[in-house]
2 protein chains.
Amino acid sequence: MKAVVTVMPKQSVLDPQGAAVAQAMRHHGLESVGKVRVGKSIEIELPAEPDESTLHGLCRDLLSNPVIEDYTLEIVR
Amino acid sequence: MKAVVTVMPKQSVLDPQGAAVAQAMRHHGLESVGKVRVGKSIEIELPAEPDESTLHGLCRDLLSNPVIEDYTLEIVR
């Protein structure tokens, strides 16, 4: 069993890394590219069915900064 | 239209950030956690149907380091 946590900067937060990637993509031949945002993807191997509320607690407290980031938690069975 | 590129360290490559996250999760009450890998998630806004081969080229040349990382490209319509 696996949990995949995706942590992205909030829409309202400036993402300079994303802006730099968008600029580089335009220079590499994809002129039409719009907004780009760069976040983290965290794959967690779990031996058994996890307690989802524990996982959400860890996402909030450890894996993301709720002031500037949103996360999504996906459990892959 | 949106493209989501997920870049993860290859299985054979040491991922110290993932090891640190696994250790921290154990200390925060999830003792059973297995291997953790930390990668990047890149969301790209595109105005129209993109040329997939151009996007794959950019993933290879710009967004990932093929020596130590694998990427997946997902187009969300």
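Predicted model: local features only at pLDDT ≥ 70, side-chain atom pairs only at ≥ 80, totals over all residues.
**Stop 1**

You will find six strands in an open sheet, ordered β3(A)-β1(A)-β2(A)-β2(B)-β1(B)-β3(B), with antiparallel pairing. Now pick out β3 (69-76) of chain A and β3 (69-76) of chain B: these stand at the edges with a single partner strand each, so one side of each has no neighbour in the sheet. Look along the sheet as well, where neighbouring strands are turned by 20° against each other on average, direction ignored.

Next, select residues 2-9 and 36-45 of chain A. These are strands β1 and β2, which run antiparallel and are joined by six bridges. Within this pair, Val4(A) sits opposite Glu43(A) of β2(A). Keep Glu43(A) in mind, as we return to it below.

**Stop 2: the helices across the sheet**

**Stop 3: Ser64(A)**

Zoom in on Ser64(A), in the loop that connects α2 (52-63) to β3 of chain A. Is Ser64(A) buried or exposed? Its relative accessible area is 10%, so Ser64(A) counts as buried. Show its side chain and you will see a polar atom 2.9 Å from the backbone oxygen of Cys59(A). Apart from neighbours within four places in sequence, the contacts of Ser64(A) are Val7(A), Cys59(A), Glu69(A) and Tyr71(A).

**Stop 4: salt bridges**

Over all chains, the structure holds six salt bridges.

- Select Lys2(A) and Glu43(A), whose side chains meet at 3.8 Å, N to O. Lys2(A) belongs to strand β1 and Glu43(A) to strand β2 of chain A, so the pair ties together parts 41 residues apart in sequence. Both are partly exposed: Lys2(A) has 29% relative accessibility, and Glu43(A) has 21%.
- Move to Arg77(A) and Glu49(A), where the N to O distance in the salt bridge is 2.6 Å. Arg77(A) is exposed, with a relative accessible area of 63%.
- Cross to chain B and pick Lys10(B) and Asp70(B), a salt bridge of 3.1 Å, N to O. Lys10(B) is in the loop between β1 (2-9) and α1, and Asp70(B) is in strand β3, 60 residues apart. Lys10(B) is partly exposed at 23%, as is Asp70(B) at 41%.

**Stop 5: where the chains meet**

Finally, select the contact between the chains: 28 residues from chain A and 28 residues from chain B take part. Chain A and chain B bury about 2500 Å² between them, with 71% of it on carbon and sulfur atoms. How many salt bridges cross the interface of chain A and chain B? There are zero, while eight residue pairs are in polar contact between chain A and chain B. On the side of chain A that touches chain B, β1, α1, β2 and α2 each supply at least two residues. β2(A) gives the most to that side, with ten residues.

Methods. Residues numbered from 1 in each chain as written. Chains lettered and ligands numbered in written order. Heavy atoms only, no water. Pairing = 2+ DSSP bridges. Helix = DSSP H or I, 4+ residues; strand = E, 2+ residues; numbered from the N terminus. Axes fitted to C-alpha atoms, helices over the stretch in contact; angles between N-to-C directions. Buried < 20%, exposed > 50% of the residue type's maximum accessible area, 1.4 Å probe, protein only. Polar contact = N/O pair within 3.5 Å; in protein donor to acceptor, adjacent residues only side chain to side chain. Contact = heavy atoms within 4.5 Å. Salt bridge = Lys/Arg side-chain N within 4 Å of Asp/Glu carboxyl O. Buried area = accessible area lost by both parts, 1.4 Å probe.
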